[in-house]
Amino acid sequence: LPGRGDEYVWFPRWVSVIILLWAGIVILFALYQFIKYRKIVRKINRSVFYYVDEPEMELVYYVVPDGSCGPCTVGFFRQKIIIPESFTELENFSMVYQHEYTHLKNRDNLVKLLCLIVLCIHWMNPAAYLLLFLYRITAEAVCDDAAVLGYSKDIVKTYAMLLVTTTPVREKLPVVWKNNLSGHKKNGKSMEIMKRRIDYMLQKKRKGRLQKGIMVAVSALTVLASASTALAYQP
């Protein structure tokens, strides 16, 4: 590569190979995630029964058959809430809806996508993995906090039991939909996260704010660590 004056910087061929290999893996991973996400979204859209729009109750959602998916939000810019048919008859439906509405209001799908882009670019940086992991936990904690706000402990317990019995058991979900609870097992890390999530709700700890602060700190650390290589250059 031509430099200043008569100075040149030479890159070994193996460095170029590594750069091309890394770029190829990132592109393939991004395409795989996009195709998988679009495939599931199309499947959900085709299975929609009907559309509910009740402005006086501030309810706007799409109903799908049971087994199609769990309650979720789809889309990045034109978002919508998807609710299985049986959930609309639950006593705690308003809490389920508030949880998903908070996801929609906070644009969690879009933010997770941005975290994924950061991870693809800075795959060698451990803070990038931590950023996505913490955001998933934070998003669920914040939405749970909004769902149980103002309810008694007994009602919160029934909502917590609903989470345990209805969390979809899926092993392969697009990254933007993973919430560290999908595909939970009776014994495993995901179940420990579920227990912690329920404990936050029952004890009414404001962990969401703490985790938000941690996530912001990790974001700042990611940016600083990405720019720290500039310190290695000569003045």
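Analyst: **One residue and its surroundings**

Beyond its neighbours within four places in sequence, Leu104 contacts Thr73, Gln79, Lys80 and Ile81. Contact here means heavy atoms within 4.5 Å. This is a predicted model: local features need pLDDT of at least 70, side-chain atom pairs count only at pLDDT 80 or more, and totals for chains, interfaces and linings use all residues. Residues are numbered from 1 along each chain as its sequence is written, and side-chain values use heavy atoms, leaving out hydrogens and water.

Leu104 belongs to helix 2. Helices (H or I, at least four residues) and strands (E, at least two) are DSSP runs, numbered from the N terminus. Leu104 and Phe77 lie 27 residues apart in sequence, yet their C-alpha atoms are 9.7 Å apart.

Now move along helix 2. Phe93 and Tyr97 are four residues apart in this helix (residues 93-105), so about one helical turn separates them. Both Phe93 and Tyr97 are buried, meaning under 20% relative accessible area; exposed means over 50%, with partly exposed in between (1.4 Å probe, protein chains only). Their rings form a tilted pair, 6.2 Å centre to centre, with 45 degrees between the planes. Rings of Phe, Tyr and Trp (its six-membered ring) pair if their centres lie within 6.5 Å; planes under 30 degrees apart count as stacked, over 60 as edge-to-face and the rest as tilted. The count by this rule is six aromatic pairs.

Setting aside residues up to four places away in sequence, Tyr61 touches Tyr50, Tyr51, Val52, Ile81, Ile83, Thr88, Phe93 and Tyr97. Tyr61 is also among the residues with the most contacts inside the largest nonpolar core, alongside Ile83, Tyr159 and Met201. That core has 22 residues. Such a core is a set of buried Ala, Val, Leu, Ile, Met, Phe, Trp, Tyr and Cys residues joined through side-chain atoms within 4.5 Å. At least two core residues come from each of strand 2 (59-64), strand 4 (80-84), helix 2, helix 4 (126-148), helix 5 (153-166) and helix 6 (189-203).

Next, the strands. Strand 1 and strand 2 run antiparallel and share five bridges. Asp53 has Val60 of strand 2 as its bridge partner. Strand 2 and strand 4 run parallel, joined by three bridges. Val64 stands opposite Pro84 in strand 4. Strands count as paired if DSSP finds at least two bridges between them.

Val64 also takes part in another set of contacts. Ser47 touches Val63, Val64, Pro65 and Ser68, not counting residues up to four places away in sequence. Ser47 sits in the loop between helix 1 (13-46) and strand 1 (50-54). Its relative accessible area is 18%, so Ser47 is buried.

Step back to the whole chain. The protein chain has seven helices and four strands, in the order α-β-β-β-β-α-α-α-α-α-α. Of its 235 residues, 39% count as buried. Among contacts between residues at least 6 apart in sequence, 59% join residues at least 24 apart.
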